[in-house]
Amino acid sequence: MRTLPRSPIGLKDAAVDLRGVTRLFGAAPALVRVDLAIERGEAVVLRGPNGAGKSTLLRIVATALSPTYGGGSVLGFDLAEDREQIRRRSELLTHRTRLYEELTARENLELIADLLGIAHDRVQEALERVAIADVADERVRTFSAGMRQKVAVARAIVRDPELLLLDEPTTGLDAAARGAVDEMMLRASRDGRTLVIATHHDVTPGLAARVVTLRDGSVEASS
Amino acid sequence: MTSARQATLIARKDLLIEVRGRHALGTLVPFAATVLVAFGFAFGPGREVLERVAPGLLWMAVLFSAVMASRRAYQTESEDGALEGLLLAPIDKAAVFLGKAVAVTVELLALVIVVLLLVMVLFDLSVADPFLVLAAFVLGAIGLAAVGSLFGVVAESSRTREAIFPMLVLPLVAPVLIAGVRATDLAAAGRSGEVWSWLGLLAAFDVVFLSVGVLVFGYLLED
C-alpha cells in the first residue's frame with residue numbers, strides 16, 4: 001500500500017482525514033483518489049447513487065477494508081498502522097446488524113459489553129433508550145428487521161464511540177425504528193460525537209450536517 | 001480485559017448458540033450413529049472384525065463431525081455479518097481463535113462420549129484402558145478444532161467455502177487421524193506402553209496448530 005505524505009491542510013484535530021484513497025475490487029475501482037476531511041464533532045451525510053462508493057468509504061474509515069492506495073488518519077490514528085485504536089473509538093452501523101440470532105437482545109449487548117469491559121448498567125440504559133427493554137430477554141431470531149436494527153443501535157449506545165459511521169441505517173425500517181436511529185444520531189451529535197452517515201433518505205430533522213456527494217468513486221461536491 | 005477472558009466469552013457464546021440451536025450436535029450425533037450402524041452391518045456380526053475396525057470408524061466419525069462443527073461455528077458468524085463485528089471489535093483476535101477452538105473441542109468431546117457409548121453398546125466392545133482412549137480423543141479433538149477454527153476463517157472469505165473448507169482441512173489433519181486411530185487401537189487392546197508415542201504426536205500437533213492459530217488468525221481475519 002502506498003502512503004501519501006501528510007496533508008498540507010494539517011487537520012490535527014480531524015476526526016477523518018483521508019488523502020488520495022483509492023480502493024479497487026479486482027480491477028474495478030470503488031473509490032478513486034478521495035480526499036476528505038471531517039472535523040471532530042461534525043456530522044456529514046454521504047450522498048450519491050448506488051455504486052458511488054459510499055459504503056466502501058465508510059468501511060475504509062471503520063478499518064473493515066484497507067485502501068489499495070492512499071491513506072490517512074481517523075481520530076488522529078493512522079489508518080494502516082493503528083487499526084485497533086480506531087476500532088476502539090468507532091462503531092460502524094449497517095443494515096447487517098451483526099447480531100447472533102440464538103442469543104437474546106440483552107445477551108448480544110452484554111457480550112459486547114463484557115468483551116470491551118463496559119458495565120452492564122449501560123446495557124439496560126441502552127435497551128430502555130431504544131424502547132426494547134420489554135423484549136430484551138427474547139431471542140433475536142424472533143425479531144423483525146426493525147427490532148434487530150434497534151438492538152444494533154442499542155449496541156452503538158452501549159459503546160458510545162467518538163466516531164459513528166452509519167450506512168443506510170434506516171433503510172426498510174418503520175417510523176418507530178427510524179425514530180430510534182434518529183434519536184441516537186441527534187443525541188450523539190449533541191454530545192460532540194462525529195457522525196458520518198451514508199443515506200438516500202432525508203437528513204434527520206434537527207441534525208446540522210454537511211453533505212458530501214460521491215459519484216463514480218470520487219467526491220463530486222461538498223456543501 | 002485479558003485475552004483468556006475474551007476467549008472464554010467467545011467460547012461461551014458459541015456453546016450457548018450451539019446448545020440453543022442444536023445445529024451441530026443435532027446433525028453430528030445422527031450422522032455418527034448412522035456411520036457406525038452402516039459399517040456394523042457391512043462388516044457383519046463378527047466380533048474380531050469389529051474390534052479391528054472400531055477405532056478407525058470412531059475416528060472417521062469424529063473427523064467428519066469436526067469438519068461439520070467447524071463450518072457451523074463460522075456459519076453463525078456469517079449469517080448477519082457478525083464476523084465483521086468481531087473483526088472491528090477492539091479485542092485480541094487470537095482470543096477469537098482460541099474461543100472458537102475451545103467451543104468446537106467441547107462439542108467434539110460431547111460427541112465422542114455419545115459415539116463411544118454407541119460403539120460399546122452396538123458392537124459389544126470393551127476398552128482395556130479407558131483413560132488413554134479418552135486422552136487420545138481429547139488431544140485429537142483439540143487438534144481437529146484448532147485446524148478447523150484456523151481454516152474456517154480462511155474458507156469464510158470464499159464463495160465456494162463449502163467445497164474449499166474440507167479440501168483445506170482434511171489433508172492437514174491426516175496425522176491426527178493416523179495417531180488417533182493407532183492410540184485408540186493400542187489403548188483398547190491394553191497395550192498401554194505403546195500408546196504414549198502416539199499421544200505425543202497428537203500433543204505436538206496441537207501445540208503447532210494452536211501456536212500458528214494464535215499468531216496468524218488476526219491477519220487471516222483482516223481483508
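**Reading the terms in chains A and B**

Me: What makes E3(A) and E8(A) a pair of strands?

Reply: E3(A) and E8(A) are joined by 4 bridges in the parallel sense, and since pairing asks that DSSP find at least two bridges between two strands, the two count as paired. Within this pair, Leu46(A) stands opposite Ala198(A) in E8(A). The model is a predicted one, in which local features need pLDDT of at least 70 and side-chain atom pairs count only at pLDDT 80 or more, while totals for chains, interfaces and linings use all residues. Residues are numbered from 1 along each chain as its sequence is written, and chains are lettered from A and ligands numbered from 1 in the order in which they are written.

Me: Why is E3(A) called largely enclosed?

Reply: A residue is buried if 20 or more other C-beta atoms, placed from the backbone, lie within 10 Å of its own, exposed if 12 or fewer, and partly exposed in between. In E3(A), 4 of the 5 residues are buried, and therefore this strand is largely enclosed by the rest of the structure.

Me: Why are E6 and E10 of chain A said to stand at the edges?

Reply: The open sheet of 6 strands in chain A has the order E6-E7-E8-E3-E9-E10 and mixed pairing. Strand E6 (90–93) and strand E10 (218–222) each have a single partner strand, so one side of each is left without a neighbour in the sheet. Neighbouring strands of this sheet are turned by 20° against each other on average, direction ignored. Helix H1 (residues 54–61) of chain A packs on the sheet and touches E3, E6, E7, E8 and E9, its direction making about 150° with that of E8(A).

Me: What makes E5 of chain A, at 77–78, an edge strand of its sheet?

Reply: In the other open sheet, of 4 strands with antiparallel pairing, the order is E2-E1-E4-E5 (chain A). Strand E2 (28–39) and strand E5 (77–78) have a single partner strand each, so each is left with one side without a neighbour.

Me: What makes up the largest nonpolar core?

Reply: A nonpolar core is a set of buried Ala, Val, Leu, Ile, Met, Phe, Trp, Tyr and Cys residues joined through C-beta atoms within 7 Å. The largest one has 146 residues, and Ala154(A) and Leu108(B) are among those that touch the most other members. Its largest share, 15 residues, comes from H6(B).

Me: How do you know that H6(B) meets H7(B)?

Reply: Residues are in contact if their C-beta atoms, placed from the backbone, lie within 7 Å, and Val147(B) and Phe151(B) are among the residues of H6(B) that meet H7(B), where Ile164(B) and Leu168(B) are included. The axes of these helices are 9 Å apart at an angle of about 145°.

Me: How many residues of chain A are in contact with chain B?

Reply: On the side of chain A there are 22 residues, in contact with 21 residues of chain B, and the largest share of that side, 4 residues, comes from H3(A).

How values were computed. Axes fitted to C-alpha atoms, helices over the stretch in contact; angles between N-to-C directions. Helix = DSSP H or I, 4+ residues; strand = E, 2+ residues; numbered from the N terminus. Contact = placed C-beta atoms within 7 Å.
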